[in-house]
Amino acid sequence: AFEPSVYLFGGVAEDAMLHGNWVRPHDDVDVLVERADLPRQLENAHTLGFGSFSTRFQPLPATPVVVGSIKRGLNLEISVVDRSPDGSPFFYMVDERDDVVRVELTDGIFGYAPCKLDGIEVRTVSPLAQFQIRAGIAMAGGFGPLRPKDVTAQRALQERFYPDIPIEDLSPVVASGRRPVK
């Protein structure tokens, strides 16, 4: 019900998109927001009782990509997507040499119809955005290889939503350098 909208991604979003219910326990709840909306989303989280947020990942100074807070055991992580001057979504990542790169996503990340999670309507990023976020993190290499559960989830997303499209055509662009943020 928040405005601007928040969108689930990560494991909880996959449970919603692929199964419609909780399939496994999750360590956190990941949501994705636009950078311009981050201050308002932090206010929204405070109304739910989440206290101070700490920066959990920030590859560039004063440009957090993930902030988080824990309330009664619920770990809420808010991840941020930026927009290039032409409006294309991207996020900053680090590669295996700790250089900053941009993971450039296909537009439409927030255009997926709401789905149900145990009977509750939720907004998730699009299946393609879900696939590209994880693929981009893996392609950059800064966090190491995908975990087995991530490999399984990527396969399930491709099989369900893009069975006839090769993985290389689904993958995002990982670009070196820092271009201006809108």
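# Close-up views of a predicted model

Twelve salt bridges are counted in this structure, which is a predicted model.

**View 1. Glutamate 34 and arginine 83 form a salt bridge.** The closest N and O atoms of glutamate 34 and arginine 83 are 2.7 Å apart. Glutamate 34 belongs to strand 2 (residues 29–34) and arginine 83 to strand 5 (residues 74–83), so this bridge links distant parts of the chain, 49 residues apart. Arginine 83 has a relative accessibility of 18% and counts as buried.

**View 2. Aspartate 82 and arginine 35 form a salt bridge.** Here the closest N and O atoms are 2.6 Å apart. Aspartate 82 is in strand 5, whereas arginine 35 is in the loop between strand 2 and helix 2 (38–47). The two residues are 47 residues apart, and the pair links distant parts of the chain. Aspartate 82 is buried, with a relative accessible area of 1%.

**View 3. Arginine 56 and glutamate 77 form a salt bridge.** The distance between their closest N and O atoms is 2.9 Å. Arginine 56 sits in strand 3 (residues 54–57) and glutamate 77 in strand 5, so the bridge ties together parts that lie 21 residues apart in sequence. Are the two partners buried or partly exposed? Arginine 56 is partly exposed, at a relative accessible area of 32%, while glutamate 77 is buried, at 17% relative accessibility.

**View 4. Four charged residues are joined in a network of salt bridges.** The members of the network are Glu14, Arg134, Arg147 and Asp150.

**View 5. Helix 1 passes helix 4 in a left-handed crossing.** Two packed helices are described by the angle between their axes and the distance between the axes. For helix 1 (residues 10–19) and helix 4 (residues 148–161), the axes come within 11 Å and cross at roughly 30 degrees. Six of the contact residues are nonpolar, two are charged and none is polar.

**View 6. The largest nonpolar core has 23 residues.** Which residues have the most contacts inside this core? They are Leu32, Met93, Leu105, Ile109, Phe110 and Val125. Two or more residues come from each of strand 1 (7–9), strand 6 (89–94), strand 7 (100–104) and helix 3 (127–140). Strand 6 gives the most, with five residues. Valine 125 touches Tyr7, Leu8, Phe9, Met17, Leu32, Ile109, Phe110, Tyr112 and Gln130, with residues up to four places away in sequence not counted. Another core, of 19 residues, lies apart from the largest one and includes Leu8, Val33, Leu38 and Val67.

**View 7. Leucine 105 is buried, although it is found in a loop.** The loop in question lies between strand 7 and strand 8. Leucine 105 counts as buried because its relative accessibility is 6%, and buried means under 20%. Leaving aside neighbours within four places in sequence, leucine 105 is in contact with Val81, Pro89, Phe90, Phe91, Gln132, Ile133 and Pro172. Leucine 105 and proline 4 are 101 residues apart in sequence, and their C-alpha atoms are 20 Å apart in space.

**View 8. Phenylalanine 9 is a buried residue of strand 1.** The relative accessibility of phenylalanine 9 is 10%. Residues up to four places away in sequence aside, phenylalanine 9 touches Asp30, Val31, Leu32, Ser79, Val125, Gln130 and Ile133. Its C-alpha atom is separated by 17 Å from that of serine 69, which is 60 residues away along the chain.

**View 9. Aspartate 98 and aspartate 118 each have a positive phi.** Most residues other than glycine have a negative phi. Aspartate 98, with a phi of about 65 degrees, lies in the loop between strand 6 and strand 7. Aspartate 118, with a phi of about 50 degrees, lies in the loop between strand 8 (115–117) and strand 9 (120–122). Aspartate 98 is exposed, with a relative accessible area of 61%, whereas aspartate 118 counts as partly exposed, at 44%.

Notes:
Residues are numbered from 1 along each chain as its sequence is written. This is a predicted model: local features need pLDDT of at least 70, side-chain atom pairs count only at pLDDT 80 or more; totals for chains, interfaces and linings use all residues. Side-chain values use heavy atoms; hydrogens and water are left out. Axes are lines fitted to C-alpha atoms, for helices over the stretch in contact, and angles run from 0 to 180 degrees between N-to-C directions. Helices (H or I, at least four residues) and strands (E, at least two) are DSSP runs, numbered from the N terminus. A crossing is left-handed if the near helix is turned anticlockwise from the far one by less than a right angle, and right-handed if clockwise. Ala, Val, Leu, Ile, Met, Phe, Trp, Tyr, Cys and Pro count as nonpolar, Asp, Glu, Lys and Arg as charged, and the others, Gly among them, as polar. A salt bridge is a side-chain nitrogen of Lys or Arg within 4 Å of a carboxyl oxygen of Asp or Glu. Buried means under 20% relative accessible area, exposed over 50%, partly exposed in between (1.4 Å probe, protein chains only). A nonpolar core is a set of buried Ala, Val, Leu, Ile, Met, Phe, Trp, Tyr and Cys residues joined through side-chain atoms within 4.5 Å. Contact means heavy atoms within 4.5 Å.
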